[in-house]
Amino acid sequence: MTWETVIGLEVHVQLKTRSKMFCGCSTTYGEAPNTNVCPVCLGLPGALPVPNAEAIRLGVRGALTIGCAIHPTSIFARKNYFYPDLPKGYQISQFDKPLATEGAVAIESPERGAMSVSITRLHLEEDAGKSLHDRIPGMTAIDLNRAGTPLAEIVSGHDMRSPGEARAYLTTLRQLLIYAGVSECSMEQGSLRVDANLSVRRPGDPLGTKTEVKNMNSFANVERALESERLRQIALIESGGKVTQVTLTFNAATGEVKPLRSKEDSHDYRYFPDPDLPPLVLDGSWIEAQRSSLPELPAARRERYESALALPNYDARVLTQEPVIADYFEAVIAAGVEPKTAANWVLGEVMTGFNERGTFAVAPARLAALAALVADGTLSLSAAKKIFPELATSEEGAGEIAKRLGLIQVRDEGALAGWVDEVIAAFPDEVARFRGGEAKLVGFFVGQVMKKSQGKADPKGIQPILMGRLNG
Amino acid sequence: MSAADLARETGKRFAEADARGLNATLHWSQDVLDRDAALLDALPSGPLSGTAVALKDNIVTRDQPTTCASKILEGYVSPYEATVVSRLRAAGALIAGKANLDEFAMGSSTENSAFGRVKNPIDLERVPGGSSGGSAALVAAGVTVAALGSETGGSVRQPAAFCGVVGLKPSYGRVSRFGLVAFGSSLDCVSVFGKTVADAGRTLCAISGHDPRDATTRQVAPLVLAEGRTDLRGLVIGLPKEYFPDDLHPGIRAGCDATIALIRELGAEVREVSLPHTRYAVPTYYIVNPAEAAANLARFDGVRYGPRKIGPEGDLRALYRATRGEGFGPEVRRRILIGTFVLSAGYAGQYYNKAQGVRRLISDDFTRVFESGVDLLFTPTTPTPAFKAGEKTADPVQMYLADIFVAPASLAGLPAMSLPIGRDGGLPLGGQLIAPDFGEAMMLSAASVLEQSIDPMEEVR
Amino acid sequence: MIIGADEVRHVAKLAELAVAEADVATLATQLEGIVAFVAQLDEVELPEGTGVTTVGPDQLLLREDRIDPIPMSRTAAEMAPEFREGFFVVPKLGGLAEG
C-alpha cells in the first residue's frame with residue numbers, strides 16, 4: 001500500500017529595509033559582531049520599540065503578492081522564552097491578530113502539474129541575534145547585529161504532497177517576493193529560512209503525527225531533508241513504531257535528519273499583546289494603493305511574453321524567472337531588437353555571463369547594436385557570438401570590434417566570384433553531378449565557398465553567383 | 001539663585017537627609033550636581049531654572065547609576081538618558097540625585113528596596129508609602145521642591161498622601177516612558193511630586209508631550225497650565241460612593257468631609273456618583289501588572305549587563321536561574337511567578353483575558369460618569385494614613401489593598417492627583433482628584449484653588 | 001487549591017528563576033493567597049462584546065526607515081559581564097537546545 005506525504009512550510013524572509021524593525025540600527029549583513037546595536041535591540045532597561053514604516057509597507061506588499069487579505073487592524077504580541085540571543089526575553093511577533101491571512105500561491109508540481117498552495121498567514125516579527133556554538137571553546141558567543149531585523153513569516157497550508165512540491169513552492173514563493181521587492185531571499189545570507197512540517201499517512205486517513213525539520217540551507221537540501229524524513233517516518237511505522245512530535249535538524253554532509261535535544265517547556269510562549277505597541281491600523285485606501293502599485297508578477301509577465309511577444313512557453317518561463325533578467329530582456333527589445341532574437345540572445349550568451357558573474361556585463365543598447373549588424377547582414381550570427389564577449393571587456397562598439405577581428409561579411413561580387421570559381425575548379429566531379437540533376441549539392445558548394453573565405457563570405461551573396469556559374 | 005548656588009544648597013540638604021537616616025536617596029554626588037549646574041549656568045534660563053528635581057531610581061541617567069533598588073542592576077550605568085531627564089535639563093532644572101524605591105517599583109511602602117527601607121520624614125517609624133517613597137520623602141523633607149516618581153498603580157499619589165506633599169499621575173500617553181525602566185507597561189506613567197500644586201504642575205508641563213521614541217505617547221503638544229481660578233464655580237465634582245465605605249478610617253473620613261464642605265463653599269456642585277466596578281480594580285491590577293512585569297523583567301538575565309551569577313551546574317540555565325534567583329528580591333520574585341502563572345498555558349483565559357475585560361468595565365465606569373456632566377472626582381487617596389514599617393509585610397494581599405483608591409485611575413489611564421487635606425494625629429492625609437483623559441489643566445487649576453483654602457497642617461478631628 | 005509546590009516549581013522554571021526548595025512551600029501559600037484574591041473576578045460577568053482597554057494612542061505611529069541608532073555613551077563591551085573577541089559570552093546551553 002502506498003504512503004501519502006503531507007508537508008507544510010514556514011518561511012521567514014528578511015524584509016529589505018535599511019534599519020531594523022523597532023530601532024534605527026542598520027540591517028547591513030556581515031559587519032563586525034555587536035556593532036549594529038543600540039539600547040532598543042540590546043534590550044537595555046527603559047528602551048522602547050518603535051516600528052519601521054517601511055517594514056510594514058514591505059510586509060503588506062509581500063502579503064498582497066501572495067494573494068493574502070490584509071487585516072485593517074493587527075496586533076504585535078510578546079512571545080516569551082529565554083535564549084541568550086533574544087535580548088528582551090521575548091520576541092515581538094504577531095500572534096492571534098496577524099497582518100494578513102488566506103492567500104494562495106500557484107505552483108507547478110513535478111507530480112501533479114498546476115496546483116495551488118494555500119497561505120495560512122503572513123505576520124511580521126523581529127529576528128533574534130546569532131548564537132555561535134563553536135566560536136569560543138566551551139562557550140556560546142552571541143552576536144546581536146541581527147537582533148531586531150524585520151522578518152515576515154509566511155505559513156503555508158499542509159498542501160504539499162512531496163518534497164519536490166515543497167521545492168517548487170519555495171522556488172515560486174522566492175520568485176514572487178523578489179519580484180515584489182520585499183526581500184533579497186538569499187538563503188546563504190539568511191534572508192530566507194525554511195522550517196518544514198512533515199507527516200505521512202495512508203491515503204484517506206486522518207493526518208499523521210508531524211515532525212518539524214530545521215537547518216536546511218538550500219532549496220535542494222530542503223528536498224533532500226524532506227525525502228530523508230519521509231523515508232524515516234515510513235520505515236518507522238512499517239516496523240511497528242510510532243512517529244513522535246519532535247524537532248529535527250538536517251545534516252547536509254550525511255543527508256540525514258537528527259532529533260534536536262528537546263526544548264522542555266519552550267512551547268508555553270505565554271503570548272500577550274505588547275503593551276508598548278498600540279494596534280497597527282492600516283487605512284483601506286493605503287492598502288489599495290499598495291496593491292495597485294505592485295510590479296507585474298511573473299505569471300502575468302510570462303503570459304504577456306507568450307501572447308503579445310509570441311515567445312514560446314519555454315522562453316517566457318526562463319526569461320521571467322528573475323525580474324532582473326526579464327527587465328534586461330525588455331530593455332533589449334526597447335532598443336529595437338525583434339523579440340524572438342532578443343530572447344535567443346538573453347537565453348544564450350547573456351544568461352551564461354549573468355550566471356557566472358551575477359551582473360550584466362553588456363548594456364542592452366550595445367547588444368541591440370550587435371543584433372542589428374546580424375539583421376542587416378553585416379555579420380553572421382556565429383561572428384556576432386564571437387564579438388559578444390568582447391563587448392563585455394572592450395569600450396569599442398560592435399562594428400569596430402568586427403572590423404578589428406576581420407569578421408565583417410564579404411559582399412563584394414568580385415571577391416565572391418573568385419572564391420566560387422576556385423571551388424568550381426577544385427570539384428569537377430561534383431559540378432558534373434550537379435549538372436546531371438543533383439540539385440541538393442548547392443549546399444555543398446556554399447559550404448566550400450564559406451570555408452575558402454574563412455567564414456567571411458555573405459552566404460546570401462554566394463548563391464546567385466554560384467547558380468550563374470553552375471547553370472551557365 | 002544661580003544653578004551653582006542651588007547645587008551647593010541641594011547637596012547640603014541631601015547630606016542632612018542622609019544624616020537623619022531617611023535612606024531616601026540611592027545616589028547623589030556633589031560633583032555631578034556641580035557639573036550639571038555649570039552647564040545650566042551657561043545656558044539661558046528656562047521654566048524650571050532654580051528648581052532641583054530628584055529622580056526615582058528607575059529613570060535612567062548617564063552620569064549616575066540606575067539600580068531600580070535591585071541587586072540585579074547593582075552598579076549599572078545606562079549609556080543613554082531618559083526623555084524626561086533630557087526635557088527637565090532643557091527646561092533648566094537641576095537633576096538632583098536618584099531616589100530610593102521599592103525594588104522595580106513593586107510595593108506600596110518602600111520596604112522592598114534591596115538597599116533598605118525609606119523612612120517617612122513626618123514619622124520615622126512609619127513608611128513613606130510606595131513605590132516612589134524616596135522621591136516623596138525628599139520633597140517632604142525639603143531636599144528638593146519637586147521630584148519624579150513613577151506610577152503603575154498609585155505609586156506617586158499614595159506616597160504623596162503619606163508624606164503630605166502633592167503627587168500627580170498624568171494621563172497615560174501624556175509623558176514619555178522612554179528611559180523609565182518598564183514594570184507594567186500599559187500602566188506605567190512617569191509622574192511628579194511637588195511641594196505645591198504649582199511645583200508639580202510646572203514640572204509636569206516640562207516633561208509632557210509626544211516622544212517619537214515612545215509609541216504609546218499621544219501626539220499632542222506639551223501641557224500648558226490654565227489661567228488661575230479663584231473658586232470652583234461652574235464645576236461639578238463627583239463623589240464616588242464606592243470610595244467612601246462605612247469602614248473608612250475616621251481620620252480620613254473627617255479630612256474628606258472637611259474638604260467636601262470646602263468644595264461646596266468654593267462654588268462647585270457636589271454630586272454623589274457610582275463607579276460600580278471599583279472593588280475589582282485591585283484584583284484586576286494584580287493580574288495585568290504581574291503579567292506585564294514578568295515579561296518586562298525577562299531581560300535581566302545576566303547576559304548583556306548587570307552582575308552575573310552561575311549555579312553549580314555551570315551551564316546557561318544555571319546562569320539564568322542564579323542571576324535572577326539571587327538578583328531579585330522576594331516581592332519581585334512573587335510578581336514574576338504570578339505573572340508567569342496567569343499567562344501560562346491553560347490559565348491565560350481565566351486570568352489575563354478576564355482581567356483585560358474587567359479593566360474595560362472599570363474604564364467604562366469612569367467614562368459614563370464624566371459623560372454625565374461630572375468634571376472631576378474627589379476621593380480619599382488612601383484608606384488609612386501612613387502605617388508603621390513592618391505592619392503589612394507578612395501578607396502581600398493586605399499590602400496590595402493599600403492601593404484600593406489609586407488603582408482604578410491607573411487601570412483607566414486617567415490623570416489623577418493627591419493633595420494634602422490636613423492631618424490626623426500628626427499624620428498627613430491625602431485627598432484625590434481624578435480627571436477625564438487629558439484633563440490635567442483643569443484638575444491642576446481646581447487643585448490650586450483647594451490648596452489655597454486648606455491648611456495642610458490642621459488636625460481634622 | 002490551585003497553586004501547590006509543583007506549580008511553583010513549574011512556573012519558576014518557565015521564568016528561569018532559582019527558588020530554594022525551603023522557600024517553595026511559603027511561596028505556594030503566598031501565591032495561592034494572591035490567586036484566591038484575584039479570583040474575585042470570577043463573579044464579574046463580562047457583557048457580550050466587551051473589548052479590552054487600550055490606553056494611549058488608538059493606533060500605532062511608525063518611524064521612517066532611517067539609520068539613526070540611539071547613541072550610547074558606553075559600549076556593549078563595557079556593560080557586559082563577559083565579552084570576548086567582540087561577542088557576548090555565555091556558558092554552553094545545557095538544558096536549552098541549540099538552534
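Leaving aside neighbours within four places in sequence, with which residues is V53(B) in contact? The residues are L88(B), A93(B), I95(B), A96(B), T144(B), A146(B), A147(B), L148(B) and T203(B). Two residues are in contact if their C-beta atoms, placed from the backbone, lie within 7 Å.

## Basis of the report

This is a predicted model, in which local features need pLDDT of at least 70 and side-chain atom pairs count only at pLDDT 80 or more, while totals for chains, interfaces and linings use all residues. Residues are numbered from 1 along each chain as its sequence is written, and chains are lettered from A and ligands numbered from 1 in the order in which they are written.

## Nonpolar cores

V53(B) belongs to the largest nonpolar core, which has 259 residues. V53(B), L94(B), F193(B) and L433(B) are the residues with the most contacts inside this core. Its largest share, 10 residues, comes from helix α8 (residues 281-296) of chain B. A second, separate core has 31 residues, among them Y328(A), L379(A), I387(A) and L391(A).

A nonpolar core is a set of buried Ala, Val, Leu, Ile, Met, Phe, Trp, Tyr and Cys residues joined through C-beta atoms within 7 Å. A residue is buried if 20 or more other C-beta atoms lie within 10 Å of its own, exposed if 12 or fewer, and partly exposed in between, with C-beta atoms placed from the backbone. Helices (H or I, at least four residues) and strands (E, at least two) are DSSP runs, numbered from the N terminus.

Of the 99 residues of chain C, 29% count as buried.

The contact between chains C and B takes 47 residues from chain C and 58 residues from chain B. On the side of chain C, the elements that give two or more residues are α1 (5-14), α2 (21-38) and β2. Helix α2(C) gives the most, with seven residues. By class, this side of chain C has 32 nonpolar, 10 polar and five charged residues. Here Ala, Val, Leu, Ile, Met, Phe, Trp, Tyr, Cys and Pro count as nonpolar, Asp, Glu, Lys and Arg as charged, and the others, Gly among them, as polar.

An open sheet of four strands has the order β8(A)-β9(A)-β2(C)-β1(C), with antiparallel pairing. Its edge strands, each pairing on one side only, are β8 (130-132) of chain A and β1 (83-84) of chain C. Two strands pair if DSSP finds at least two bridges between them. Strand β9 (residues 139-143) of chain A pairs with strand β2 (residues 87-91) of chain C over four bridges. In this pairing T140(A) stands opposite V90(C), and A141(A) stands opposite V89(C).

Strand β2(C) is mostly covered, with four of its five residues buried. Two bridges join β2(C) to β1(C), and the two strands run antiparallel. R84(C) stands opposite F87(C) in β2(C). The two strands form a hairpin with two residues between them, and E85(C) in the turn has a positive phi of about 50°.

## Strand pairing within chain A

Strand β1 (residues 4-14) of chain A pairs with strand β11 (residues 192-201) of chain A in the antiparallel sense over 10 bridges. G8(A) stands opposite N197(A) in β11(A). Strand β11(A) also pairs with strand β12 (residues 211-214) of chain A, again antiparallel, over three bridges. There, A196(A) stands opposite V213(A).

The contact of chain A with chain B takes 24 residues from chain A and 35 residues from chain B. The side of chain A in this contact has 15 nonpolar, four polar and five charged residues.

R333(B) lies in helix α10 (residues 330-343) of chain B. R333(B) is buried because 23 other C-beta atoms lie within 10 Å. Not counting residues up to four places away in sequence, R333(B) touches F328(B) and L17(C). R333(B) and E103(B) are 230 residues apart in sequence and 11 Å apart in space, C-alpha to C-alpha.

Helix α11 (residues 349-371) of chain B has 23 residues and reaches 31 Å from its first C-alpha to its last, close to the expected 33 Å. The expected span is 1.5 Å times one less than the number of residues. A kink of about 25° in α11(B) is centred on A355(B); the bend at a residue is the angle between axes fitted to the seven residues ending there and the seven starting there. After α11(B) comes G373(B), whose phi is positive, near 105°.
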